[in-house]
Amino acid sequence: MSDSTRIPLHRDPKVRAWVFQILAILVVCYGFYSIVQTTIDNLAARNIQTNLNFLTQVAPFNIGFSPFIDFKLGETTYWMVFFIGIQNTILIAVLGIIAATILGFLIGVVRLSPNWLASKVALVYIEIFRNAPLLLQIMFWNFAIFLASLPAPRQSVEMGAFYLNNRGLHMPKPIIADDVRFWIWIGLVTLIFVGCLRFARWAKHRFEDTGKPLPVFWINIATLVLMGYLAYRIAGSPLTFDVPVLGRFNFSGGGQIPLPLFSLWFALVLYTAAFIAENVRAGIQSVSHGQSEAASALGLTRAQTVKLVVIPQALRVIIPPTISQYLNLTKNSSLAVAVGYEEIVSLWAGITLNQTGQALIIIAMTIFVYECLSLTTSAILNWYNRRVQLTER
Amino acid sequence: MDTFAPKPSRKPPLSAVGPIAWVRANLFNSTTSSLMTLVFFYLLWLYIPPFINWAFLSANWTGLDRTVCEANPAGACWTFINVRLEQILFGLYFGANPDEVWRPIVGFILFFGLLIPLIVEGTPYKKWIALSMLTIFPLVFFALIHGEWIGRPVANTSQWGGFLLTFVLAFVGILLALPLGILLALGRRSEMPVIRTMCVLYIEFWRGTPLITILFMASVMLPLFFPAGVEFDKVVRAMIGITMFQSAYTAEAIRGGLAAIPKGQYEAAAALGLGYWRRTVFIILPQALKISIPGIVNTFIALFKDTSLVSIIGLLDLLNMAQSAARSIEWKGYDIEGYLFTGLIFWMFCYGMSRYSQVIERKLDTNRRDN
């Protein structure tokens with residue numbers, strides 16, 4: 001190549017790419033540097049000391065709801081408050097995901113039902129709930145409906161040992177009376193569970209050999225419940241129940257589902273179920289009609305067609321967007337701030353931030369929790385997508 | 001000569017056409033279906049007539065204070081909405097200055113005057129209307145609401161509220177996030193590893209965090225990031241937070257469109273000797289943006305609903321305005337009416353946008369089939 005045709009340096013794409021990228025790094029680094037520098041100056045000017053010391057201090061406020069981590073006013077440190085926040089976020093997320101999946105699936109199926117009325121009711125449900133802001137829905141249920149219509153603790157609605165009032169639902173709380181006997185019971189239940197798995201495998205083999213199906217699911221559920229109760233009696237009833245007692249103003253003892261948790265859960269489930277129902281509808285419609293026709297040509301009943309042919313193929317389309325909805329539900333649980341359920345944002349980025357003033361660290365820790373949750377979710381999604389792709393041609 | 005006159009064909013039996021057949025085929029076509037119909041019908045019967053009675057038939061529409069509603073507690077108190085309408089729609093400032101209410105009203109008329117021809121099919125000069133919507137309209141709207149440029153009493157951004165504030169937050173978020181999102185989406189598909197990594201990090205960071213945390217961050221930490229003397233009020237801080245958040249979602253919607261462009265388009269553009277920017281601006285983006293319109297509109301819907309979160313950091317947007325009006329001494333106890341009215345406004349916009357995105361999607365779909 002002669003010199004006259006060689007590409008000049010400033011027109012060589014490779015050189016330009018590198019220059020451009022180095023410039024970009026410099027600009028971003030400078031931006032970060034100047035922000036950090038101004039922040040340090042500002043903090044110094046406002047006399048704010050940013051350090052992690054506050055984490056080992058004792059939290060001076062009360063936390064009303066912490067089902068698994070013990071909270072003691074005057075003893076629990078900010079570290080534990082942080083974990084209580086994470087615990088409560090995970091709790092509402094798990095409860096919400098389970099209920100939203102069931103409700104969403106139901107509504108999605110009803111939406112496709114040949115029954116005109118049912119299908120239209122499902123359509124109206126979906127369009128109403130997914131097009132109104134979630135925050136508005138949470139506040140509506142909590143303030144306008146539940147708080148306004150539920151009675152005060154003294155006039156609670158009584159259902160056996162359960163009491164419903166405007167503070168929430170009070171119920172008996174199981175307490176382990178005897179450790180040894182409790183673990184014996186757990187061991188027995190595990191054995192029964194393993195037995196059920198073995199039975200399911202045997203039934204599958206039998207089905208493949210002889211073509212005779214068994215209602216494995218129902219048999220196993222019945223076995224688990226009955227045998228589990230039997231084992232409980234054999235182990236000598238290792239649980240006692242702490243029953244709530246009505247005091248002068250409120251109940252003491254027992255377990256409690258606070259009203260904010262319930263309202264938040266209720267609104268999250270109704271909202272997310274509308275989106276999941278749309279996923280389910282799209283998934284089932286994506287299975288081509290020929291599949292169910294072929295299945296009925298083979299002599300499968302309608303129930304078998306749905307269970308063995310349509311659903312397995314639809315799930316491939318349904319599951320990925322539904323996992324994103326689970327992540328959305330988890331992120332949306334941060335709207336607990338509006339009703340005062342003590343999860344990570346309202347407890348940590350709200351109350352603790354106000355108490356300590358450590359904005360930088362607290363916001364960073366909160367964001368870190370959510371980034372972890374979101375990375376986990378996308379890892380699961382990628383794993384699932386890879387697995388599904390293998391079964392595709 | 002006789003011509004052959006065919007006998008009119010017999011009418012189908014009554015049981016095969018008409019309302020009875022329809023009811024049979026669609027409501028009572030099997031045992032389960034019949035059961036479902038009865039259950040749903042019973043539920044609707046239980047809830048819909050009382051609701052209609054409460055919300056419309058025996059509702060209170062007129063009057064100036066709560067005595068009207070207290071006299072008739074069986075019906076909804078729309079009097080509350082009626083009396084506080086200007087405040088709920090345009091915020092405290094315009095609610096308190098009836099002489100200035102024309103400013104937001106003219107602003108919204110202008111907005112819908114531009115929006116409707118954009119939506120209607122076959123309007124001429126659509127490109128110019130869209131362009132003025134994105135450039136001139138925001139300036140005119142700001143001039144009208146703020147008032148300084150047109151020589152009216154000044155309403156600072158901190159005095160904006162109600163639906164006006166919701167609209168401004170959503171519009172600014174959408175307007176600023178669009179160019180940012182395009183750049184981020186291009187960056188994420190770039191061949192330069194450093195640029196790509198930066199864009200991925202940016203997008204995933206904002207997408208992984210709930211908006212409420214970002215708003216907390218914007219209201220608490222943003223003042224720390226800027227040198228002393230640079231002051232933003234809360235509304236501008238919320239706008240910055242919302243724009244950052246929205247740009248990540250817009251970028252993902254546009255990335256979907258970019259990925260759908262066949263590789264041949266890139267290669268053909270390169271073969272014609274077009275450089276990266278000309279190739280992108282003239283060949284790739286016009287196609288990619290068109291495909292990603294439904295996705296972008298869906299992010300708009302999500303953003304529009306999410307603007308209500310600013311009420312948690314204390315801004316008086318539509319939701320917060322209605323709520324604080326319903327908690328004032330004059331109207332205490334009429335929360336349901338406030339929430340329902342607010343919900344209806346949000347719902348109309350979101351439902352409208354989602355229908356629009358479905359129409360566009362269908363149109364794009366047939367286009368693809370024709371090719």
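1. Domain bounds here come from an automatic or database domain assignment. On that basis chain B splits into domain 1 (99-152) and domain 2 (163-314 + 344-370). Taken over C-alpha atoms, the centres of domain 1 of chain B and domain 2 of chain B are 22 Å apart.

2. A word on what you're looking at: this is a predicted model, where local features need pLDDT of at least 70 and side-chain atom pairs count only at pLDDT 80 or more, while totals for chains, interfaces and linings use all residues. Residues are numbered from 1 along each chain as its sequence is written, and chains are lettered from A and ligands numbered from 1 in the order in which they are written.

3. Chain A gets a domain 1 (3-45), a domain 2 (78-172 + 243-391) and a domain 3 (173-242). Between the centres of domain 1 of chain A and domain 3 of chain A there are 63 Å, again over C-alpha atoms.

4. On secondary structure, chain A has 11 helices and 8 strands, while chain B has 16 helices and 0 strands. These are DSSP runs, numbered from the N terminus: H or I of at least four residues for helices, E of at least two for strands.

5. Now the overall spread. Chain B has a radius of gyration of 27 Å, well over the 21 Å that the globule rule gives for 371 residues, so chain B is more spread out than a compact globule. Along the principal axes, chain B fills a box of roughly 90 × 70 × 45 Å, and the C-alpha trace of chain A spans about 85 × 70 × 50 Å.

6. How much of each chain is buried? In chain B, 33% of the 371 residues are; in chain A, 29% of the 393 residues are. Buried means 20 or more other C-beta atoms within 10 Å of the residue's own, exposed means 12 or fewer, and partly exposed is in between, with C-beta atoms placed from the backbone.

7. The two chains touch through 45 residues from chain A and 42 residues from chain B. Contact means C-beta atoms, placed from the backbone, within 7 Å. On the chain A side, α1(A) gives the most, with 12 residues. That side divides into 32 nonpolar, 10 polar and 3 charged residues. For the classes, Ala, Val, Leu, Ile, Met, Phe, Trp, Tyr, Cys and Pro count as nonpolar, Asp, Glu, Lys and Arg as charged, and the others, Gly among them, as polar.

8. Finally, B:Thr243 sits in helix α12 of chain B. B:Thr243 is buried, with 21 other C-beta atoms within 10 Å. Leaving out residues up to four places away in sequence, B:Thr243 touches B:Val172, B:Gly173, B:Leu176 and B:Ala177. B:Ile174 is 69 residues from B:Thr243 in sequence, yet 7.4 Å away in space, C-alpha to C-alpha.

Key. Rg over C-alpha atoms; globule rule 2.2 N^0.38 Å.
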